[in-house]
Amino acid sequence: MRVLGISGSLRNGSWNGKLLEAAAELLPGDAELELYDGLKAVPPYDEDDDTADGPAAAAHFRAAIAGADAILFATPEYNSSVPGQLKNAIDWASRPLATNPLRNKPVAVVGASTGAFGAVWAQAELRKVLSATGARVVEGEVAVGHAQTRFDEDGRLADHDIREQLEEVVRVLHAEAVVRQASLAAA
């Protein structure tokens, strides 16, 4: 099983990238997390450019989503919302609505920030956007506030309670992906 990890932060060594790395360690043995690293290259959405596959970076993003069994998003919070580059890439992936690669795809949202609330508003906004695309947003939340204090000097998640929350979200996401795989196989 292939889980695509998408960080809404473009920064190297971001807390959200580290959160995805921690999630990779918690996946069951039959699953692998692949970190998507092309978000920065996706151009601003423009319907005039949305022909055939669209720009190469947008087509690559769509293909990465289509090829995944599930997606785990990790988002920071910028101005109380989702980072623009992440929202923009989802706009590319969401078209056409009826057949987009996010439709019926199990997705989960987690987040980390240096502020006290762990990107909870951005996570809520991202869940709303993903639901609008037709994705199957799984229950569960991981809000890593004061992220700089939650990881050790090697960048590993050191907070036991947050690790347990992350493990539960990963478990639920995996279970939804297994159900979807079985449904697709039976069709």
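Predicted model: local features only at pLDDT ≥ 70, side-chain atom pairs only at ≥ 80, totals over all residues.
Modeller: Residues are numbered from 1 along each chain as its sequence is written, and side-chain values use heavy atoms, with hydrogens and water left out.

Biologist: Happy with that! What makes W15 and F151 a stacked pair?

Modeller: Rings of Phe, Tyr and Trp (its six-membered ring) pair if their centres lie within 6.5 Å; planes under 30 degrees apart count as stacked, over 60 as edge-to-face and the rest as tilted. The ring centres of W15 and F151 are 5.5 Å apart and their planes meet at 25°, so the pair is stacked. W15 sits in helix α1 (residues 15–26) and F151 in the loop between β6 (143–144) and α5 (160–186), 136 residues apart. Helices (H or I, at least four residues) and strands (E, at least two) are DSSP runs, numbered from the N terminus.

Biologist: Why is F151 called buried?

Modeller: Buried means under 20% relative accessible area, exposed over 50%, and partly exposed in between (1.4 Å probe, protein chains only). F151 has a relative accessible area of 7%, so F151 is buried.

Biologist: How many aromatic pairs does the rule give?

Modeller: The count comes to 3.

Biologist: Now the backbone. What makes N104 stand out?

Modeller: Phi of N104 is near 65°, a positive value in a residue other than glycine. N104 is placed in the loop between α3 and β4. Its relative accessibility is 41%, so N104 counts as partly exposed.

Biologist: What about H146?

Modeller: H146 also has a positive phi, near 50°, and is not glycine. You will find H146 in the loop between β6 and α5. At 34% relative accessibility, H146 therefore counts as partly exposed.

Biologist: One more: which peptide bond is cis?

Modeller: The one from R95 to P96, with omega near -10°. P96 lies in the loop between α3 (84–93) and β4 (106–112).
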